[in-house]
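Have the structure open as you read.

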Amino acid sequence: MTSTKQPPRIKTFLALLVGYFLLGFVSTTAGQGIPKNVRRILFLGNSITYSGAYITNIEAYFAAHYPNQSVEFINVGLPSETVAGLSEDGHAGGRFPRPDLHERLGRVLEQTKPDWVFACYGINDGIQMPLDESRFQRFKDGIVWLHEEVTKMGARIIHLTPSVYDETRGKSKGYAAVMDYYAKWLVAQHKQQHWEVIDTHTPMKKYIDAHQKLDKKLGIAGFTIAPDGVHINDAGHWIVAKEVLLYLGEKAVATVPDIQSALSDVSQSVQILDLVTQRQAIMKDAWLTATRHTRPEMKTGLPMQEARKKYDEIGQKIQDLRKQ
């Protein structure tokens, strides 16, 4: 997915401007990296998580810079899913309602046995409708339930705020403000409940606003990181990955514009990123199938034993590259 091209001078200016914005919106920097006793990190979410570019970016960064640390990054994002258990009439053309995390979370946690969990919900939970207290309460109740279920099993949970909704591309007017509201509540849980929360919503919003305001001055139109209003492109995924990496203390990524730049100091980085991308594509479908999701129209993943074999083979290739 691409956006309107900008002249080099403007792109440089915006990179500096956006870098300033991004540095200012990390919620409560943890800064300790990934401890050596952490072996499995689980990512829960909807279609944005399932598409997985931000997870691939994070994994590739650690695979390239910490080759001796063995961490499995498990993507079980499920398109259309909510944590609120809500679905609009006629979802997916009336073929099926939105899946509900409540139905599968127990199986996912039991099979993956994560040490850490990153969870990103919200963009589907408002059902692309105006703010409504009953819907909002269902979202809050779902997030609290998710938090408690993860902590009950002894894992650490880190919440990501909902993605942005770009009203210049989407059809649901006013929904951007709903997502602002949901994100604000989640950020507030850090102070109120001492939760770990990474605000990825605000940097994305600032990024879009900065570009679109400059486009307006220049008489240019069309910039977005969410071409359909909801699903973010590579630039959006990098913002999410960057905020997670900054939260984990990886300050070197603060001013870099993309994952390729973040890996540029590592030899064979292009190949490493490609291999991680391949491995993520195999494993996310394998995990979804193994944990028995109930959403129709999803690809059937490889049997876990076969997927594991491919996972190990690709892992060995990554290790060999790091030795060159």
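## Strand E4 and its partners

E4 and strand E5 (residues 196–198) pair in parallel over three bridges, where two strands count as paired if DSSP finds at least two bridges between them. Helices (H or I, at least four residues) and strands (E, at least two) are DSSP runs, numbered from the N terminus. His159 sits opposite Val197 in E5. To get from E4 to E5 the chain goes through helix H6 (residues 175–193), a right-handed β-α-β crossover; right-handed here means that, with the strands pointing away from the viewer, the path from the first strand over the helix to the second runs clockwise.

E4 also runs parallel to strand E3 (residues 116–120), with five bridges joining them, and Val117 faces Ile157 in E4. The link from E3 to E4 goes through helix H5 (residues 133–152), and this β-α-β crossover is right-handed too.

## Ground rules

This is a predicted model: local features need pLDDT of at least 70 and side-chain atom pairs count only at pLDDT 80 or more, while totals for chains, interfaces and linings use all residues. Residues are numbered from 1 along each chain as its sequence is written, and side-chain values use heavy atoms, with hydrogens and water left out.

## How enclosed is E4?

Five of the five residues of E4 (residues 156–160) are buried, so the strand is largely enclosed by the rest of the structure. Buried means under 20% relative accessible area (1.4 Å probe, protein chains only). Arg156, Ile158 and Leu160 point one way, Ile157 and His159 the other.

## The whole sheet

Zooming out, five strands make an open, parallel sheet in the order E2-E1-E3-E4-E5. Strand E2 (72–75) and E5 are the edges with a single partner strand each, so one side of each has no neighbour in the sheet. The twist averages 20° from one strand to the next. Strand E1 (residues 40–45) pairs with E2 in parallel over four bridges, and Leu42 has Ile74 in E2 as its bridge partner.

Helix H3 (residues 53–65) packs on the sheet, touching E1, E2, E3 and E4, and its direction makes about 175° with that of E2. H5 lies across E1, E3 and E4, at about 155° to E4. Touching means contact, with heavy atoms within 4.5 Å; angles run from 0 to 180 degrees between N-to-C directions, using axes fitted to C-alpha atoms, for helices over the stretch in contact.

Conventions
Buried < 20%, exposed > 50% of the residue type's maximum accessible area, 1.4 Å probe, protein only.
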